[in-house]
Amino acid sequence: MASSSPAVSASESTAASAPHLELKTLSPVEASKRRAAYKAVEDHFDTSYKYIGIGSGSTVVYVVEAIAAKGRDVTSRMVFIPTGDQSKQLIIEAGLPLGSIDSLPPVEVGHTKMDGVSALQVATGLQDLGLKGKRQSLDVAFDGADEIDEDLNCIKGGGACLFQEKLVATAAKKFICVADSRKLQKRLLTTWKTIPIEIAPLAAPTIKRILITLGSPDPVIRQGGSAKAGPVVTDNGMWIIDAPFPPLCLAEDLKQGDHGDGEHGTWEVHHLGRRIKRIVGVLEVGLFHGRNGIQVAASGEEGGGQKPVAAYFGMENGEVEVRTSKEIHGVKSRP
């Protein structure tokens, strides 16, 4: 958690206002996702924005649909940053301008005087191009989740895009999560039973053994199924381990003397996420925890946070429930 004080999410139920949508051809679950996506875009997409992050998964399809409905006059002035190949194709097919997370321009550019010697040093990597100053942040990033708890911690990675999803989320001033009601649970690992972990293939045996010592009874390398023989290979050339753990605690759940570090058989979200990330060979962990973008900005730091500032859930009764983080005070990153 980003704060020592309990963080309570405020919730409100609102009817989604997605004008001129014909939902009767969609299943109830898909219709709920669509309503949530349109409501999230209505609340958090501004025509003044320049850089927009687009996540992965089935719900994001409707986010892109809602943004594209704003018209080319609006979207042509923007750059849309994908979290992987799937969202890249969504952006292209919707006719939205495509960018990439590694090509965001600097806020300020310090021009380097270039002579023959400097040009040679730049070409050989001994000197940079003088691109000094901070990089542009994304104005907002929209993405889905596999499970979200009451504190807006998320499990992501069911679609094997978790590293790039976290890269985009932490580059955004605000991360907005969109899902259907099944994804909202009191604690993580309630219905979604495993944590996706993106790993280097060579380290797989060692990582599996360490995960078992941490309390994961049966971590498995995700297989491609009928679509592909052998392990799933991510957009980064990595493998995915799905590691089951008991439901994860929040700080407020811990009994006296239990730090949630696994010593007593219990893991708090933040502690487990940081512990797994320290394993050699782990690229990224599918726990999105810690701080949100508002907290990072308030602390005077650059970039964004892993946690969403708001989550939109399409409910079975046709409404959209909005959970908004109350964590807005600046805090420094926890070790």
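Student: Which residues is Ile52 in contact with, leaving aside its neighbours within four places in sequence?

Tutor: In this predicted model, Ile52 is in contact with Phe45, Ile67, Met78, Val79, Phe80, Ile81, Val140 and Phe142, once neighbours within four places in sequence are left aside.

Student: And which residues have the most contacts inside the largest nonpolar core?

Tutor: Ile52, Ile67 and Phe142 do, and that core has 30 residues. Several elements supply at least two residues each, among them helix 1 (28-44), strand 2 (51-54), strand 4 (140-143) and strand 14 (319-324).

Student: Which helix gives the most to this core?

Tutor: Helix 2 does, with six residues. Another core lies apart from this one; it has 24 residues, including Ile155, Ala203, Ile207 and Leu214.

Student: Let me step back a bit. How many helices and strands are there in the protein?

Tutor: Nine helices and 14 strands. The protein has 335 residues, and buried ones make up 49% of them. Taking contacts between residues at least 6 apart in sequence, 71% join residues at least 24 apart.

Student: What pLDDT does the protein average?

Tutor: The average is 88, and 86% of the residues score at least 70. Over residues 1-21, however, the pLDDT is below 50, although that stretch has 51 contacts in the model beyond near neighbours in sequence.

Student: How should predicted coordinates be read where pLDDT is low?

Tutor: They should not be read in detail.

Student: Okay, aromatics next. How many aromatic pairs does a search of the whole structure find?

Tutor: One. The partners are Phe175 and Phe288, in a tilted arrangement with 6.5 Å centre to centre and 55° between the planes.

Student: Where do Phe175 and Phe288 lie?

Tutor: Phe175 lies in strand 7 and Phe288 in strand 12 (residues 287-288), so the pair ties together parts that are 113 residues apart in sequence.

Student: What else is Phe288 in contact with?

Tutor: Leaving aside neighbours within four places in sequence, its contacts include Leu152, Asn153, Cys154, Lys156, Leu162, Gln306 and Lys307.

Student: Switching to cysteines: how many disulfides does the count come to?

Tutor: The count comes to zero disulfides.

Student: Is Cys177 buried or exposed?

Tutor: Cys177 is buried, with a relative accessible area of 0%. Cys249 also counts as buried, at 15% relative accessibility.

Student: Now backbone angles. What is the phi of Ala160?

Tutor: The phi of Ala160 is near 65°, a positive value in a residue other than glycine. For context, most residues other than glycine have a negative phi.

Student: Where is Ala160 found?

Tutor: Ala160 is in the loop between strand 6 (154-155) and helix 6 (162-169). With 11% relative accessibility, Ala160 counts as buried.

Student: And what about Leu189, what is its phi?

Tutor: Leu189 has a positive phi of about 70°, although it is not a glycine. Leu189 is found in the loop between strand 7 and strand 8 (194-199), and it is buried, with a relative accessible area of 1%.

Student: Last stop, the end of the chain. Where is Ile328 found, and which residues does Ile328 touch?

Tutor: Ile328 is in the segment after strand 14. Not counting residues up to four places away in sequence, Ile328 touches Ile294, Gln295 and Ala298. The C-alpha atoms of Ile328 and Gln295 are separated by 5.1 Å, though the two residues are 33 residues apart along the chain.

Note on methods:
Residues are numbered from 1 along each chain as its sequence is written. This is a predicted model: local features need pLDDT of at least 70, side-chain atom pairs count only at pLDDT 80 or more; totals for chains, interfaces and linings use all residues. Side-chain values use heavy atoms; hydrogens and water are left out. A disulfide is a pair of cysteine sulfur atoms within 2.5 Å. Buried means under 20% relative accessible area, exposed over 50%, partly exposed in between (1.4 Å probe, protein chains only). pLDDT is the predictor's confidence in each residue, from 0 to 100. Contact means heavy atoms within 4.5 Å. A nonpolar core is a set of buried Ala, Val, Leu, Ile, Met, Phe, Trp, Tyr and Cys residues joined through side-chain atoms within 4.5 Å. Helices (H or I, at least four residues) and strands (E, at least two) are DSSP runs, numbered from the N terminus. Rings of Phe, Tyr and Trp (its six-membered ring) pair if their centres lie within 6.5 Å; planes under 30 degrees apart count as stacked, over 60 as edge-to-face and the rest as tilted.
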